[in-house]
Amino acid sequence: MASRILFAAGGTMGHIGPAISVAELISERNPEWRIDFVGTKSGLERNFASKFHWHFIAKAPLPRSFSFSSLAIS
């Protein structure tokens, strides 16, 4: 069974760019490995959806202060 790697990167190129660079290097060295990404359709990651296999999830911004209500799934 081939190995799989899942990257979670989205929102800004500060997150997406390094993740894609690492994924490309891994892919070159291990072409049999499957590389997937998780991101949102509203972030910059939508521009890179064709390069790797992407799983899009709903955007869930985190509040700046903690409360138990922030753990509720909407």
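This is a predicted model: local features need pLDDT of at least 70, side-chain atom pairs count only at pLDDT 80 or more; totals for chains, interfaces and linings use all residues.
1. Arg4 stands opposite Arg34 in β2. Arg4 itself lies in strand β1, where strands, like helices, are DSSP runs numbered from the N terminus (strands are E with at least two residues, helices H or I with at least four).

2. Residues are numbered from 1 along each chain as its sequence is written, and side-chain values use heavy atoms, with hydrogens and water left out.

3. Strand β1 (residues 4–8) and strand β2 (residues 34–39) run parallel and are joined by 5 bridges; two strands pair if DSSP finds at least two bridges between them. Phe7 stands opposite Phe37 in β2. From β1 the chain passes through helix α1 (residues 13–29) to reach β2, and this β-α-β crossover is right-handed. The term right-handed applies if, with the strands pointing away from the viewer, the path from the first strand over the helix to the second runs clockwise.

4. On its pairing with strand β3 (residues 53–56), β2 is again parallel, over 4 bridges. Val38 stands opposite His55 in β3. Of the 6 residues of β2, 5 are buried, so the strand is largely enclosed by the rest of the structure. Buried means under 20% relative accessible area, exposed over 50%, and partly exposed in between, with a 1.4 Å probe and protein chains only.

5. How many salt bridges does the structure hold? There are 2, a salt bridge being a side-chain nitrogen of Lys or Arg within 4 Å of a carboxyl oxygen of Asp or Glu. In general, side chains of opposite charge can pair when their charged atoms come close.

6. Asp36 counts as buried because its relative accessibility is 4%. Arg4 has 57% and is therefore exposed, and Arg34, at 36%, counts as partly exposed. Salt bridges that share partners join Arg4, Arg34 and Asp36 into one network.

7. Which side chain makes a polar contact with the side chain of Asp36? It is that of His55, at 3.0 Å. A polar contact is a pair of N or O atoms within 3.5 Å; within protein, one must be able to donate a hydrogen and the other to accept it, and residues adjacent in sequence count only if both atoms are side-chain atoms.

8. Ile16 is found in helix α1. Is Ile16 buried or exposed? At 0% relative accessibility, Ile16 counts as buried. The C-alpha atoms of Ile16 and Leu44 are separated by 7.9 Å, and the two residues are 28 residues apart along the chain.

9. Phe66, Phe68 and Leu71 make a nonpolar surface patch of about 420 Å². Patches are made of residues with over 30% relative accessible area and no salt bridge; like charges are joined within 9 Å, and nonpolar side chains (Val, Leu, Ile, Met, Phe, Trp, Tyr) within 5 Å. Accessible areas come from the Shrake-Rupley method with a 1.4 Å probe, and for residues only the protein chains shown count as cover. Phe68 is found in the segment after β3 and is exposed, with a relative accessible area of 68%.

10. Ala72 is also found in the segment after β3. With 57% relative accessibility, Ala72 counts as exposed. Ala72 and Glu32 are 40 residues apart along the chain, and their C-alpha atoms are separated by 39 Å.
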